[in-house]
Amino acid sequence: MSILDVVEAHLQRLLERISGLVAVQLSDRDGITLAKTAESKVNVSKLSLVFSNASDQASKLGLGANSTITTFYGGYIIVQATQAPLVITFIGTEELNVGLVKKCLPSLRNSLENVREKVDSVIAATS
């Protein structure tokens with residue numbers, strides 16, 4: 001079982017525990033999907049790329065570090081969180097409990113640290 005299989009299993013458990021959550025996706029800063037729980041009608045790759053770039057630009061403007069953003073898009077609630085260079089995207093119905101999603105983020109970020117380090121080292125090696 002690969003590390004990404006373990007990540008997908010962890011994301012699937014979140015999907016089952018949080019009411020209104022329909023998909024969870026892990027991607028890199030360029031929007032490339034690394035792990036996901038389900039297909040979504042939302043183009044997560046583009047949203048991840050935009051979120052990553054907007055977060056970078058906001059920090060350069062002295063607005064402070066941005067760690068999450070909540071978006072209402074086409075009948076969905078989308079919560080995106082950064083763990084540079086990773087972007088975690090939660091897609092839910094209008095009944096999604098955003099507070100519960102944000103409450104699970106610290107433990108999720110902790111469990112993704114190994115993946116974050118590997119992706120970061122690949123990016124550094126190719127730069």
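**Exercise 1.** Determine how the end-to-end reach of helix H3 compares with the expected span.

*Solution.* Helices here are DSSP runs of H or I with at least four residues, and strands are runs of E with at least two, both numbered from the N terminus. H3 covers residues 98–111 and has 14 residues. The expected span of a helix is 1.5 Å times one less than its number of residues. From its first C-alpha to its last, H3 reaches 20 Å, which is close to the 20 Å expected.

The coordinates come from a predicted model, in which local features need pLDDT of at least 70 and side-chain atom pairs count only at pLDDT 80 or more, while totals for chains, interfaces and linings use all residues. Residues are numbered from 1 along each chain as its sequence is written, and side-chain values use heavy atoms, with hydrogens and water left out.

**Exercise 2.** Locate the bend in H3, and identify the buried residues of H3.

*Solution.* The bend at a residue is the angle between axes fitted to the seven residues ending there and the seven starting there. In H3 a bend of about 40 degrees is found at Leu105, and a proline, Pro106, follows within four residues. With buried meaning under 20% relative accessible area, exposed over 50% and partly exposed in between (1.4 Å probe, protein chains only), the buried residues of H3 are Val101, Cys104, Leu105 and Leu108. Their cover includes H1, strand S3 (68–73), strand S4 (76–83) and strand S5 (86–92).

**Exercise 3.** Classify the packing of H1 against H3, and describe the residues of the contact.

*Solution.* Axes are lines fitted to C-alpha atoms, for helices over the stretch in contact, and angles run from 0 to 180 degrees between N-to-C directions. Helix H1 (residues 3–17) packs against H3 at an angle of about 170 degrees, with the axes 11 Å apart. Angles under 35 degrees count as roughly parallel, over 145 as roughly antiparallel, 65 to 115 as roughly perpendicular and the rest as oblique; H1 and H3 are therefore roughly antiparallel to each other. The contact (heavy atoms within 4.5 Å) is made by His10, Leu11 and Leu14 of H1 and by Cys104, Leu108 and Ser111 of H3.

**Exercise 4.** Is Leu4 buried, partly exposed or exposed, and which residues is Leu4 in contact with, leaving aside its neighbours within four places in sequence?

*Solution.* Leu4 lies in helix H1, and its relative accessible area of 29% makes Leu4 partly exposed. With those neighbours left aside, Leu4 is in contact with Leu34, Ala35 and Val115.
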